[in-house]
Amino acid sequence: EAAQQRAKPVGTPLQTVVGLWAETQTDPKTIARMKAVVSGFEDYFGKLTIEAITTDDMWAYTDKLLKATTPANARVKFRVFNTLLRFARPRIIKHNPADGIRIPVKSAPETKRLGLDLAALNAIFSSAVFVSGERPEGGCGEAAYWLPLLALYTGARLNELGQLRRTDIVRETYIDASNGDVDATAWVIRITANAAEGLKIKT
């Protein structure tokens, strides 16, 4: 393709910028995703330097993504690549060629989530995990027992339950209005976000 026939300009290779950006990250999955996206970009444009990327290139990149995948996935990949461009400005480049470019995604109508019926609940809680104490290797030990119970009684998201620590189980004081407004205590589960510890919650 024409984009791949361009002469290799002098400048900072994208992989060098990825390495500098990766030094600021702590999550291996985030770094791996960036490397995969940049590799896909280079499959289309070749080994460009970051200084050589133009706004026209970024528009062409959006077209390529939209032809290769869904609008939602295209937007995710574009945002990942744009993260690298934002990191490079003003360290390496003076202007971000992706500024002002967006990939619109139409919101799909919400679908009602179906709850588990009694038969499904019976199947889960009559399994070997609960009946005979089995702990399958893929179930992460005691998580196989506790996560279904916590999900059943709290309705919380599984990824939020899965990151709970012992320190997130705390005893709280509250006013018991049904018993003459006296102070009472109860055990509660605290679900919080903590970027330093990698704890995330959905907005």
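Which helix is Tyr61 found in? Tyr61 sits in helix 3, the stretch covering residues 55-68. Keep in mind throughout that this is a predicted model.

View A. Is Tyr61 buried or exposed? With a relative accessible area of 2%, Tyr61 is buried, because anything under 20% gets that label. Skip the neighbours within four places in sequence, and Tyr61 is in contact with Val37, Phe41, Phe45, Lys77, Phe78 and Phe81.

**View B. Aromatic rings, with Tyr61 and Phe81 as the example.** Searching the whole structure turns up nine aromatic pairs. How do we describe such a pair? We give the distance of the ring centres and the angle of the planes. For Tyr61 and Phe81, the centres are 5.5 Å apart and the planes make an angle of 55°, so this pair is called tilted. The pair links distant parts of the chain, with Tyr61 in helix 3 and Phe81 in helix 4 (residues 71-88), 20 residues apart. Phe81 is buried too, at 0% relative accessibility.

**View C. Helix 2 crossing helix 3.** What angle do helix 2 and helix 3 cross at? It's roughly 105°, and their axes come within 11 Å. The two helices are therefore roughly perpendicular to each other. On the helix 2 side, the contact is made by Val37, Gly40, Phe41, Tyr44 and Phe45, and these meet Asp57, Met58, Ala60, Tyr61 and Lys64 of helix 3. Sort the residues of this contact by type and you get seven nonpolar, one polar and two charged.

**View D. Helix 1 against helix 2.** Two packed helices are described by the angle between their axes and the distance between the axes. For helix 1 (residues 14-22) and helix 2 (residues 28-45), the angle is about 170° and the axes are 11 Å apart. That makes helix 1 roughly antiparallel to helix 2, since the angle is over 145 degrees. Their crossing is right-handed. Which residues touch? From helix 1 come Leu14, Gln15, Val18, Trp21 and Ala22, while helix 2 supplies Thr30, Ile31, Met34, Lys35, Val38, Phe41 and Glu42. This contact divides into eight nonpolar, two polar and two charged residues.

**View E. Asn82 in helix 4.** Stay with helix 4 for a moment, and look for Asn82. Its relative accessible area is 10%, so Asn82 counts as buried. Which residues does Asn82 contact, leaving aside neighbours within four places in sequence? They are Asn96 and Ala98.

View F. Last stop: the peptide bond from Arg89 to Pro90. Is that bond cis or trans? The bond is cis, with omega near 5°. You'll find Pro90 in the loop between helix 4 and helix 5 (118-125).

Methods: Residues are numbered from 1 along each chain as its sequence is written. This is a predicted model: local features need pLDDT of at least 70, side-chain atom pairs count only at pLDDT 80 or more; totals for chains, interfaces and linings use all residues. Side-chain values use heavy atoms; hydrogens and water are left out. Axes are lines fitted to C-alpha atoms, for helices over the stretch in contact, and angles run from 0 to 180 degrees between N-to-C directions. Helices (H or I, at least four residues) and strands (E, at least two) are DSSP runs, numbered from the N terminus. Angles under 35 degrees count as roughly parallel, over 145 as roughly antiparallel, 65 to 115 as roughly perpendicular and the rest as oblique. A crossing is left-handed if the near helix is turned anticlockwise from the far one by less than a right angle, and right-handed if clockwise. Contact means heavy atoms within 4.5 Å. Ala, Val, Leu, Ile, Met, Phe, Trp, Tyr, Cys and Pro count as nonpolar, Asp, Glu, Lys and Arg as charged, and the others, Gly among them, as polar. Buried means under 20% relative accessible area, exposed over 50%, partly exposed in between (1.4 Å probe, protein chains only). Rings of Phe, Tyr and Trp (its six-membered ring) pair if their centres lie within 6.5 Å; planes under 30 degrees apart count as stacked, over 60 as edge-to-face and the rest as tilted.
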